[in-house]
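I opened a new model today and kept notes as I went. Here is what I looked up, in the order I looked.

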Amino acid sequence: MKLLRRIGWSVFVVWAVVTVTFAVTNVLPGDPARLVAGVQARPADVARIRDQLGLTRSVPARYALFWRRLVHVGPREIAKGDAEHGSCAVVLPLGGSAVHLDFGTSFQMAQPVAELVGTRLPRTFALALAGLVLQLLFGVATGILAAARKGSWIDRAVVGTSILGISVPTFLIALLLQYVLAYELRWLPLDGFGKTLGEHVRCILLPALTLGIYGGAYYTRLVRDEMVVLLRQDWVRTAEAKGVGKTRILLRHALRNALLPLVTSAGIDFGALMGGAVVTEQVFRWPGLGQLSVTAMLNRDGPIIIACVIVSAVAIVVSNLLVDAVYARLDPRVRVPTA
């Protein structure tokens, strides 16, 4: 029952976030139809576009239509020009029918939002995963080193560098990496996405390294502080008295006990990154959800904004549920009953 309550609470959180986003995008001043038509468009053309986009309806009517169309059952095969289902994406086939996800059609791009998000989502996932892996590699390694050499110049250097890394904004780290690794040394592409798999891999390295350096600085402090406290415990002195090596104490005992806060932070960070690393994607022109959401906000493209918010909210709540499941594996005392 507790697990069901958590899932129910997660669904409520997603609904609340999406509802607030819908309200904000629909009550802010400005006319999306004017942005679509252009500054020089005639009032009659703007009125026609406003009617086509459904902006002549009341906000409650648009809200009800949005939820009615978001998830629904329809024909499994969708015709390209089908006005009713052409903006859908198949989520779950059910014989001749299927469950569809329909975010509507982009105001500016005149394309199904589900297709736009579906194209960008794997790219954001790849960047988020690569960035998080580098964050953990940098943070855990330097945190262990600083804890093992507590009070030494190595510890002070690592802590000072981590404070600097947290303080420097991501765009400055990105520009510095672009200048050194792309412009001066020419080891990696300056920005972009590439056309082949090899080019994709080379293009993702700089933005992932940017996220790794920035987030790794935080994980350095987290791991270092957790392990310093753990290494003061009585069981450490007992293990040393029994002849257990310092490396084994650090890696097998202290690090394992420091995993709980590390897993929590990593889960939250991955969920946030799945919503799009906005600044990093913009600087490196990485075509992910972050770049798409920025463009949508500038153009007042409500359907895309709401779709990006839904993806971000779902990613965060799913990450939190997975963190709870990992907790149960790491520490039996926090197991969540399933019935």
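**Overall**

I'm working with a predicted model, so I kept to features that pass its pLDDT cut-offs. I counted the secondary structure first: 14 helices and three strands. Then I checked burial, and 41% of the 339 residues count as buried. For contacts with a separation of 6 or more, I found that 68% join residues 24 or more positions apart.

**Helix α6**

I started with the length of α6, residues 153–167. At 1.5 Å a residue its 15 residues should span 21 Å, and the end C-alpha atoms are 21 Å apart, so the two agree. Which residues of α6 are buried? I got D155, V158, V159, S162 and G165. They sit on the same side of α6, because their arc around the axis is only 125 degrees. That made me recall the helical repeat: with 3.6 residues a turn, residues three or four places apart point the same way. On the other side of α6 I noted W153, R156, T161, L164 and S167 as exposed.

Next I asked what covers the buried residues of α6. The cover includes α5 (113–148), α7 (170–184) and α8 (197–230).

**α5 against α8**

Two of those covering helices, α5 and α8, got an entry of their own. Their axes come within 5 Å and cross at roughly 35 degrees. I logged the crossing of α5 past α8 as right-handed. Sorting the residues of this contact by class gave me 21 nonpolar, nine polar and one charged.

**Helix α4**

The buried residues here are R62, Y63, F66 and L70. Their arc around the axis covers only 100 degrees, which puts them on the same side of α4. I found P60 and R68 exposed on the other side of α4.

**A239**

I picked A239 in helix α9 (residues 234–241). Is A239 buried or exposed? Its relative accessibility is 10%, so A239 counts as buried. Leaving out residues up to four places away in sequence, I see A239 touching V244 and I249.

**Two arginines with positive phi**

Last, backbone angles. R186 has a phi near 60 degrees, a positive value, and R300 has a positive phi of about 55 degrees. Where is R186 found? It lies in the loop between α7 and α8. R300 is in the loop between α13 (289–298) and α14 (302–330).

I then checked how accessible each one is. R186 has a relative accessible area of 63%, so I marked R186 as exposed. R300 comes out at 16%, which means R300 is buried, since the cut-off for buried is under 20%.

Terms used. Residues numbered from 1 in each chain as written. Predicted model: local features only at pLDDT ≥ 70, side-chain atom pairs only at ≥ 80, totals over all residues. Heavy atoms only, no water. Helix = DSSP H or I, 4+ residues; strand = E, 2+ residues; numbered from the N terminus. Expected span 1.5 Å × (residues − 1). Buried < 20%, exposed > 50% of the residue type's maximum accessible area, 1.4 Å probe, protein only. Arc of directions from axis to C-beta. Contact = heavy atoms within 4.5 Å. Axes fitted to C-alpha atoms, helices over the stretch in contact; angles between N-to-C directions. Left-handed = near helix turned anticlockwise from the far one by under 90°. Nonpolar A, V, L, I, M, F, W, Y, C, P; charged D, E, K, R; others polar.
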